[in-house]
There are 2 protein chains.
Amino acid sequence: MLYRLLILLFAALRVSALWPLPQSISTGSTYLQLSTTFDITLSGIYSPPADLTDAISRTKQYLFNDKLQRLVVGRGANNADVITSAASLKKLTLVFQGIEVSSISEEAVAELESRVESYTLKIPADGSDAIVTANSTLGLFRGLTTFSQLWYDWEDTIYTPEAPVDIIDAPAYPYRGLMLDTARNFFPVLDLKRTLDAMSWVKMSTFHWHVTDSQSFPLEVAEFPDLSAKGAYSSSMTYTTSDIEDIVAHAASRGIDVLVEFDTPGHTGIIAEAYPDHVACAGATPWQNYANELPAGQLRIASSDTVNFTASLVSAISSMFPSKYFSTGGDEINFNCYDDDNVTQADLAAKGVTITQALNSFTESTHGALHVAGKTPVVWEEMVLDYNITTLGNDTIVMVWVSSDDAAAVAEKGYKFVHAASDYFYLDCGAGEMLGNTVDETSWCDPFKTWQKAYSFDPTANLTEEQGLLVLGGQHLLWTEQSSPSNLDPIVWPRAAASAEVFWSGSGRNVSEALPRLHDVRFRFNQRGVGAIALQPFWCAIRPGLCVA
Amino acid sequence: MLYRLLILLFAALRVSALWPLPQSISTGSTYLQLSTTFDITLSGIYSPPADLTDAISRTKQYLFNDKLQRLVVGRGANNADVITSAASLKKLTLVFQGIEVSSISEEAVAELESRVESYTLKIPADGSDAIVTANSTLGLFRGLTTFSQLWYDWEDTIYTPEAPVDIIDAPAYPYRGLMLDTARNFFPVLDLKRTLDAMSWVKMSTFHWHVTDSQSFPLEVAEFPDLSAKGAYSSSMTYTTSDIEDIVAHAASRGIDVLVEFDTPGHTGIIAEAYPDHVACAGATPWQNYANELPAGQLRIASSDTVNFTASLVSAISSMFPSKYFSTGGDEINFNCYDDDNVTQADLAAKGVTITQALNSFTESTHGALHVAGKTPVVWEEMVLDYNITTLGNDTIVMVWVSSDDAAAVAEKGYKFVHAASDYFYLDCGAGEMLGNTVDETSWCDPFKTWQKAYSFDPTANLTEEQGLLVLGGQHLLWTEQSSPSNLDPIVWPRAAASAEVFWSGSGRNVSEALPRLHDVRFRFNQRGVGAIALQPFWCAIRPGLCVA
């Protein structure tokens, strides 16, 4: 039968399971075992940072515990003889070739353009030592991650079918992220750490943490304890300052910078629980007049007290995160809220300014606080496209979210930006609206964004060559109106790996080539305890290339 | 602020967490504790069946382990005094008022129309004994299920805020189901058992098990061992005969009949692995010419050998399940497959029959085997609407799946039927197509079917009163091309509870009234280890009635 021929054909093609695909890779067709005495050693570093030695330990655990069988019919049985008689690799050496040794954690939170993530990986076919080289510990870590994806299990023999391997690799863009909203619904620290682990496996570099919103303020800020005491869903649904340290350290040691977002001046209704004087139209109804989502509530940007409060709060939160970046949000400001707020109107009148001028001053103050702290502000696209903010620094980084079409307009204004467009990267789209009294089956950003859709994204579409240099990278995003820990893994993985590859490897690859590797990602994630979902029937997963239109 | 007033207003309204809603319920506003010595006793049964005493034990565990706080602001704190000073309920008595005692398991697999699920429940407000009455152990079990949904936790005091409770209840329809496809992707026994548990919590009565399909044959059939030996994805992805016994017993003891489906003559490509002579166009390409989904393959309905093989196989499988019902499938037959199959064409010529006549004979034989075994055949709608099958028995039950609009045509032909329509009840819709090489964002049955959509279903729409009597009930369905154990709970729950209520309580209720109760379902499921997802931000869940358009 023809399909049997096709299966044989595809089985003959070796399918490297690497994700994201390295910039340059050549592989052979020799089987190579991992020796039971296999070890990873360091060269060129005399006093290795603890996070590097930890990463080595984790890698060894993955290598021997993944137990991932090849996704082919027979799962490796057809090659049992050659697997078990293959030469053995006894050692991988990580060769540090940089000038000065920093920890992965330090390097992960450096300025985006200054990070060195490049590495090389060579695995000879004859069992002689494998080598990863890099000029940074972050680069060595990326190399370790690649190394760990090359191996399969057949009856407790760990092997690769494609030695020798020769890789030269570096990311196309420094920002490869995932955004998670922990305000609509709360996610325990363990869920965040598991997500960070998974992100690191596909070499993501940034966890964009939309930590607060109008629904809850789960972030404990030592200087402003009432914010979470009165604004978190409960004391158990709070990120304490030690939780934050834990999460930040977990992320950084895995090459991930935590970009925290304190969304202002909109999306702040919950602050009224602790500081009612700082919030206009808190809980006002009908909410549709005052916000895109209930409960309404925005910081009183015309109030000097509120501006000072917000700047102090921005300072306090930013001091909890080592990142050079901090998002002050700035999306979906509802000006009707301010029109109807007597306090704001009185403040505007007293100062003799318009609401736009007030927003400019507010932004200048909050971003000023960030600059004092040595941080670069990040904002949602409306701040540069819609609100006529003239006080933004040239260093401001913009998140394009409303539509990918808006990237060109942001570039036109000369800002560096991150692709986070709803039409490609919103993981929550396509599950109906969250409102309780409608039978509406479509969400505002329908349809569901498939991994293929994200994978087809072109980061420099409609940009000049010069504008293309403004692209820092991109990310998937999960807004959590209808998500909770129960569906975190399945709604994110393996879909979010699509953007991880686009922004590491560059765009322009086709989904048919990517699919078998993405199946591998999914099953390897499952083996490591992350609930990534099936992309196809298992019949298809073990017959690469057959299940196509 | 207005929203605070609304919160107070809704907090004052007691929100009963019962799901499905009983036919008749009256509740008071007196708080009542569950005594720490609370017990459940039986009356009228001298030698209680083991599954009833097990159900009582499980109920007690749920009562004390659910630890579900009320979904209101404060989670019960505002009523702490009245909770802790409330009268205590020490005993629930289950009063059997029937003639003869059978086990729940026996009653759960009886003929649909003969099952007695009705019960009454009375809980006095003063702490005197609560009583469930029923004429059947299945009815007592349904009453226990209702009882277990009434209680909340506040700092280890288990209480209800709405005593006295007086309920008279019985289902609107006997068939309230969930269909799961275990052929596209495999689900371990533990996943099925957890799903059966969850189904029982919302009083579902039928697990429609689409156990095999063209992709895999995970069902071990003792008489035909090669089917699973060669057709299961692996030996560990097989339901052994003892697994089947385990699953059937688990289901029946929870009031659930297992309706197994051996889909024929289409959707059988995998049978070619063990019995190539019985399958036409196995794996033929391009698959689109031969099947709605790959791999192609259909039983050779014109071959006497294949007809006899299929009838024997139907007998063998049906003998593994105590149900009075058995589905032979019958959807999506591709006649081009038979046109292009030389063997089938030769068989047709030798017998001098058309393919339709052959399909009639095939159906007569397989259904004949069922009738001999005392079973009622169940088929997909094409068998009565599209294929001109004149050999179907009048007892045949039809599953309406292509469109809810087809129910009237099935009723017109006089068959009893089950609502299983893709436009209301398909849980998999709206996540893109499964094919690997397309960037298509929409699935054939887009959009996603929200719980509200299913809840708005009217089982007797477009039917005469007489035709309405042909409705046996309905079900949600999960086809698993893009599902696996990782997303089983979140893709099914709490959505599938919507049909459970429509077909128990009857239709016509509005989603706003249902939503707070469905939040309760979700959180109670979570407490019991089932990963039901968030329907709304937690802010909304604890403020019933606010998050509406």
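Is Arg184(B) buried or exposed? Arg184(B) counts as buried, because its relative accessibility is 4%. Buried here means under 20% relative accessible area, exposed means over 50%, and partly exposed lies in between, with a 1.4 Å probe and protein chains only.

This is a predicted model, in which local features need pLDDT of at least 70 and side-chain atom pairs count only at pLDDT 80 or more, while totals for chains, interfaces and linings use all residues. Residues are numbered from 1 along each chain as its sequence is written, chains are lettered from A and ligands numbered from 1 in the order in which they are written, and side-chain values use heavy atoms, with hydrogens and water left out.

## Strands 7 and 8 of chain A

Helices (H or I, at least four residues) and strands (E, at least two) are DSSP runs, numbered from the N terminus. Strand 7 of chain A covers residues 175–181, and seven of its seven residues are buried. On one side of this strand are Tyr175(A), Gly177(A), Met179(A) and Asp181(A); on the other are Arg176(A), Leu178(A) and Leu180(A). In a regular strand the side chains alternate between the two faces of the sheet.

Strand 8 of chain A, residues 206–210, is also mostly covered, with five of its five residues buried. Thr206(A), His208(A) and His210(A) point one way from strand 8 of chain A, and Phe207(A) and Trp209(A) point the other way.

Two strands pair if DSSP finds at least two bridges between them. Strand 7 and strand 8 of chain A run parallel and are joined by five bridges. Asp181(A) has His210(A) in strand 8 of chain A as its bridge partner.

Strand 8 of chain A pairs over five bridges with strand 9 of chain A, residues 257–264, where Asp257(A) is the bridge partner of Thr206(A). Strand 7 of chain A is joined by six bridges to strand 16 of chain A, residues 471–478, and there Arg176(A) stands opposite Gly474(A).

Ala172(A) lies in the loop between strand 6 (157–169) and strand 7 of chain A. With a relative accessible area of 38%, Ala172(A) is partly exposed. Contact means heavy atoms within 4.5 Å. Not counting residues up to four places away in sequence, Ala172(A) touches Gln23(A), Phe503(A), Trp504(A), Ser505(A) and Gly506(A). Ala172(A) and Gly506(A) are 334 residues apart in sequence, but their C-alpha atoms are 5.6 Å apart in space.

## Salt bridges

Side chains of opposite charge can pair when their charged atoms come close. A salt bridge is a side-chain nitrogen of Lys or Arg within 4 Å of a carboxyl oxygen of Asp or Glu. The whole structure has 46 salt bridges over all chains. Three of them are listed here.

| Salt bridge | Closest N and O atoms |
|---|---|
| Asp66(A) and Arg524(A) | 2.9 Å |
| Asp39(B) and Lys60(B) | 2.7 Å |
| Arg184(B) and Asp213(B) | 3.4 Å |

Asp66(A) lies in the loop between helix 2 and helix 3 (80–84) of chain A and Arg524(A) in helix 20 (residues 511–527) of chain A, so this pair ties together parts 458 residues apart in sequence. Both Asp66(A) and Arg524(A) are buried.

Asp39(B) counts as partly exposed at 32% relative accessibility, and Lys60(B) counts as partly exposed at 25%.

Asp213(B), the partner of Arg184(B), counts as buried at 1% relative accessibility. In chain A, salt bridges that share partners join Asp181(A), Arg184(A), Asp213(A), Glu293(A) and Glu481(A) into one network.

Arg58(A), in helix 2 of chain A (residues 50–65), is buried yet has no salt bridge. The nearest side chain of opposite charge is Asp54(A), 5.5 Å away; Lys and Arg count as positive and Asp and Glu as negative, while His and the chain ends are not counted. Arg58(A) touches Phe141(A), Ser253(A) and Arg254(A), not counting residues up to four places away in sequence.

## Chains A and B

How many residues of chain A are in contact with chain B? There are 68, and they are in contact with 68 residues of chain B. The area buried between the two chains is about 5,400 Å², of which carbon and sulfur atoms give 60%. Buried area is the accessible area (1.4 Å probe) that two parts lose on being put together, summed over both. Across this interface there are zero salt bridges by the rule.
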